Amino acid sequence: MTDVTTSLHLTVNGALRRLDVDPHRTLLDILRAELGLKGPKYGCGMAQCGACTVLVDGAPARACVMRAGKVGAREVTTLEGLADAETGALHPVQAAFVAEEGAQCGYCLNGLVMSAVALLRQDPNPDESLIRAALAHNLCRCGTHKEIVASVLHAARAMAAEASGQAATETGAMSE
Amino acid sequence: MTDLSEGSLSIHRDTETGRDTFVTFDSAGVVTAFNGHVDLGTGIQTALAQIVAEEIDLPLERVQVILGDTARTPDQGPTIASETIQIAAVPLRAAAAQLRQELMRRGARRLNAPETGVELRDGVIHWKDTSVRLEALLEGRAESLPLELSTPVKAPSDYRIVGHKTARQDLPAKVTGTHTYIHDVDVAGMVHGHVIRPPYSGRDSGPFIGTSLIGWDETAVRDMPGFIAVVRDGDFLGVVATRADQAQAIADALPVQWRQPPEQVDLRDLRHAIRNQPATPRALDRSGDFDAGLADSDVSLSRTYVWPYHLHGSIGPSCAVADWNDGAPIVWSGSQNPHMLRGDLATLTGLPADQIDIRRYQAAGCYGRNCADDVCGDALLLARAIGRPVRVQLTRAQEHLWEPKGAAQLMDITGGLKDGALHAYSLDTWYPSNRGPNLALLLTGAVSPEPRPSDMGDRTTIPPYRIPHKRITVHDMAPIVRAAWMRGVSALPNTFAHESFIDEMAYEAGKDPVAFRLEHIEDARAADLIRRTADAAGWDARDTPRLRREGRMAYGSGFAYATYVHGPFPGTAAAAAAWVCDVAIDMETGEVTMTRVFVGQDQGLVINPDGVRHQIHGNINQTASRVLKEEVSFDEITVTPQSWATYPIMTFPEVPEIDTLLIERPEEPALGVGESAAVPSAAAIANAIFDATGVRMREAPFTPERMRDALGIAPRETMPPALPGRTPPRRRTRRKPRVLAMAAAIGGALTAGAVALPMARSIPASAAPGAGSFSSDLLERGAQVFATGNCATCHTAEGGVANAGGRPIETPFGTIYTTNLTPDRDTGLGGWSFTAFDRAMRKGISRDGHNLYPAFPYTSFARMSGEDMYALYGYLQTLPPVRAEVPTAQMVFPTNLRPTNAVWNALFHRPAELAPDPAQSDDWNRGRYLVEGAGHCSACHSPRNALGAEQTGAAALSGATIKGWFAPALAGSAAGARGWDADSLYSYLRDGVAPGRAAASGPMADVVASLAPVPDADIRAMATYLATLTEGTEVAAPEPVLPNAPDATHRLFESACATCHEPAIAGTVTAAHVPLGQSTAVRAPTPEGLETVIREGLVAPMTHDLRDMPAFGGELSDTQIESLGRYLRARYAPDLPAWE
């Protein structure tokens, strides 16, 4: 028996990475073991808990059930890739989870932040029940649900404020 | 940390085992605090930093806290019973105060000032206009003073940091993925272990523990990539490999033989199972004369309460790294109890404990004793064996199966009222749990596997009410299955019993439950908590259940209170908590929704108000989940849940609204808050259910099944078939290679293989024409024919060389092996002339005259044109020759007899090339040729008769189940109803996905992948032809229908399947392409195809955007899979009849 190693090209957090790996290994395994990206966590290996969630072309993916070879040319974003690459400023969703203390042990945090980012990309202004429904398949055992929902609401508000600020700036620029 | 040689000042305590340092102030101006407890994800690190910063008057950022490392922190016992703030922080606070006192003394001396006159601000001591920085007061060497516990500490009224909102120190790193959990530890030179656990999952006593391993075959795995070692010690078995995925693959492939474990006590009936185990009664309270008091009562009741087994259910399965380090091991651990773990590892290895260094990292929240310590034993055994650092990551299944469970519990209460007041009260409580001996100790036989009783059932056993005659008894007993403490320990079930019973007594007395409690409570703080919580929550007094109804919903609220008493009896009181909760009950389905919880809590001094609130919220959500949803299931041998599929926990849409009331008592000592709010939960919910329905729930969890049973709601279910347990243990069939089943599907009922004696003449071997004799155009055409026929899949063995055959195909008539298609002269087609090849392809006769079994689809191939046949021949003859003997088929009578196949051919085979239909377009004719010829679609999509022949006429391509997979109808109204047209068929065959309609899966996904080299025009032609076979118009998939009697199968779907089949966020990349309502397997005439997908999962070809699905055959029993299939049919194909 031999290793089925092929050359795999993965775009992760904006960088194109060439890896000589078995493409049948899970994306989670490759991210953690080969790329040292420990944000995504192993929780169940069955797509049930969400701790491994990453974004693939902006949509959530359970990295524990997705083989690395399945990613293709799509862009992978992990928790480590959310902050502003130049300034290091946290993504508004990350900042909101810090502000509202949306974690106890924080092991599920990766999945919740990534899911929230995906949700707010689709629906920038969700109400509490929509947020709860969108996080229905992310498990949290510490019982931090209340703070997590508050974090997502906080992020939505912050992003809306930022967007309206930007819009105002743009409008201002145009009127000049 | 800075170099302490530049000067430092510590406060320590010398013990028998060495020096414990509590705080060190260093020349960088930083205080490091050391505490033997650990942060279980509760933010305790921040709270301890607050305490230290407060006492020393330093800004919080100049305090760092080291938790749990055995080499650096004092042994303060395990981090349990919410003791960190209440107990473990006491010497830390005194040490911090002492450190400040010493520095202030030095500062005053340096500034020539009176000691009482100097002021400390931001790490600088001031006297008039002079000042000195604290670090300047160090003497250039490491100094240490013995702890004086009597050092005065700050008055709470002076607190500036404690009691105020303080941001969690760990969150910025956690939210960016840079916090190092134990799972993230990388040690130089580290390799990876994977343990193989015995078949007696979760059991810890009996002579078979540690003695069940018969043997294993290392030679079967030694050549696998990354292999380093197989390590065995008793029943401990593990493999080590370079990478974690390799270690797991090797562990999965290693043949291991175990003795069959004996059956265990029937844990489906906990009430009797627990009561019938050996136990030793221990009297805890005998005040008054219970018997006389009961006889004297006006009213008496006897009630029994049952609590199930629970999983701690950490979201991250346990992980550890160990380095043997030449006999001075270092273990990187997520332990809750580093010092206790060190003792266990000393026993395991025979080393002195102080030679072992435990370095503690945060793990996923544990809520008690899980596998965090076990995995350290695993890693250390492997590291010792191979002499390199080894990381072990347990799987979800291993954690679920083996974690010491939160124990089941049985409580009997008898009580009496006299003149409307509690008069007599007895509690008998059974708690089959101990401290969970380290698994490595048990598996290796380092400790003997006899039953080990413990004393932890006595927590919160004394009711907090004034009762003149009491008889309180705990029945100390050993675990039945592996068990250890879990949040609330025995106090939570004991309080479930107490506070449910008190509620019942209140109604017997005709009193409001809150008022009744207040009449009986003596402690003024407790009374204040009860009163203020009820008021703030808007409690409506009632003396009878209110039974409020709106439509099908019933509404109620309930109250419960407890002061959590932990530690060995009589124990220590932690924070007291009172619950008011509102429930809504669907009186048709029995579903209980907890809509709101109000918790009041008295914890004395509050260190970090947000931290306290978060603990309350966590306790509420977690215990609501335990009370409403959770129970561990068992079969005859073992624990059964291996994932969240069969152990669902509460989800975001289900959690209640929460309000809290913190009763602030800054002058009182800080009390532990880690568990208190959990303790009243079950009783409060049960009492609310009573208010809504008049029904008393005395056995948790309060599932819809139990509610329907209690409420007498039809359909009254007997044992739902999907409840796990009592099914024969299944061999783990993790991800059975699906391609094999696919091959079988394409092979059909009978299959290829020259197994009968020759009937026809042999065609002599002759060398094939040289590669140069085939034109490149011809070879390209041959490649396309080869792709259209998807030949490679059947003719390649699992893990074997492409097209060299040898794939075993099980048929109802026996097992045959596919042939070697490569031009090897002896074992392949190298000696085959075109005449021989053409005869085999068209007539099913091998070169040597054997009849080939007709599932080798020669009945289709006979329709191929001569040109295509020759092109295919040429293509095969130019493949690289591979020598590969194919095993002989084993067929059963009469298919092993030589005339059978010949007769079969005479009956069913019409070998003739297809003539074009002049009335149809060229495209159509081309499509028909490909579909009916090389494509051999009918091999799967046409039903077969009893002799394995494809049915024709109206039955042709009308759908069939073949070797467990369902191949849907391609012709007729069934295909038409799905709305297939040429465009969608084209997308499907080209990309594997017809958006919104279908996605190829299972064997068909491989067919689509195989079609990749086929030109678009041919794909289009097939789509054109297939589209004309459909009849009628599209029928929209019906709307799914939720079950009216939700049960374990419904919960299984919601926890294991919904994540991909009802994705919560649109566009989820790993979710199914099309809804289950469109699934042909769900709409098939039999459940077989659906059950196959559930059992085997899907491994989609890499070349297409088709999705994988995990296999559930390793976890779910056949009964559960069958139930899930029926559930899917009812929910997603409500227009179709249930399967027989």
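## Chain A: overall build

Chain A contains five helices and five strands; here helices (DSSP type H or I, at least four residues) and strands (type E, at least two) are DSSP runs numbered from the N terminus. In sequence order the pattern of chain A is β-β-α-β-β-β-α-α-α-α. Its radius of gyration is 18 Å, close to the 16 Å from the globule rule for 176 residues, so chain A is as compact as a globular protein of that length. That radius is taken over C-alpha atoms, and the globule rule is 2.2 Å times the number of residues to the power 0.38. The C-alpha trace of chain A spans about 65 × 45 × 25 Å along its principal axes.

This is a predicted model, in which local features need pLDDT of at least 70 and side-chain atom pairs count only at pLDDT 80 or more, while totals for chains, interfaces and linings use all residues. Residues are numbered from 1 along each chain as its sequence is written, and chains are lettered from A and ligands numbered from 1 in the order in which they are written.

Of the 176 residues in chain A, 56% are buried. A residue is buried if 20 or more other C-beta atoms lie within 10 Å of its own, exposed if 12 or fewer, and partly exposed in between, with C-beta atoms placed from the backbone. Two residues are in contact if these C-beta atoms lie within 7 Å. Taking the contacts in chain A between residues at least 6 apart in sequence, 58% join residues at least 24 apart.

Helix α2 of chain A covers residues 92-99, and its buried residues include A:P92, A:V93, A:Q94, A:A96 and A:F97. Just after α2(A), A:E101 has a positive phi of about 50°.

## Where the chains meet

In the contact between the two chains, 64 residues of chain B touch 65 residues of chain A. On the chain B side, the elements giving two or more residues are α3 (171-176), α4 (244-253), α14 (609-628) and α30 (1048-1061). The most comes from α14(B), with eight residues.

## A seven-stranded sheet in chain B

Seven strands of chain B form an open sheet with mixed pairing, in the order β11-β12-β9-β19-β16-β17-β18. Two strands pair if DSSP finds at least two bridges between them. The edge strands, each pairing on one side only, are β11 (227-233) and β18 (357-360) of chain B. From one strand to the next the twist averages 25°. Axes are lines fitted to C-alpha atoms, for helices over the stretch in contact, and angles run from 0 to 180 degrees between N-to-C directions. Helix α7 (residues 338-349) of chain B packs on this sheet and touches β17 (330-333) and β18; its direction makes about 145° with that of β18(B). Helix α8 (residues 372-386) of chain B also packs on the sheet, touching β9 (191-196), β11, β12 (236-241), β16, β17 and β19, and its direction makes about 30° with that of β16(B).

Strand β19(B) has partners on both sides. Strand β16 (residues 319-323) and β19 (residues 390-393) of chain B run antiparallel and are joined by four bridges; B:A322 stands opposite B:V390, and B:A320 stands opposite B:V392. Three bridges join β9(B) to β19(B) in the parallel sense, with B:G193 opposite B:V392. In a regular strand the side chains alternate between the two faces of the sheet.

## The largest nonpolar core

A nonpolar core is a set of buried Ala, Val, Leu, Ile, Met, Phe, Trp, Tyr and Cys residues joined through C-beta atoms within 7 Å. The largest has 375 residues, and those with the most contacts inside it are B:V52, B:A320, B:A379, B:I685 and B:I689. Leaving aside residues up to four places away in sequence, B:A379 touches B:G193, B:A320, B:V321, B:A322, B:V331, B:V390, B:R391 and B:V392.

## A five-stranded sheet in chain B

Another open sheet with mixed pairing has five strands of chain B, in the order β25-β26-β27-β28-β29. Its edge strands are β25 (548-550) and β29 (657-663), and the twist averages 25° from one strand to the next. Strand β28 (residues 592-602) pairs with β29(B) in the parallel sense over seven bridges, and B:V599 stands opposite B:T660.
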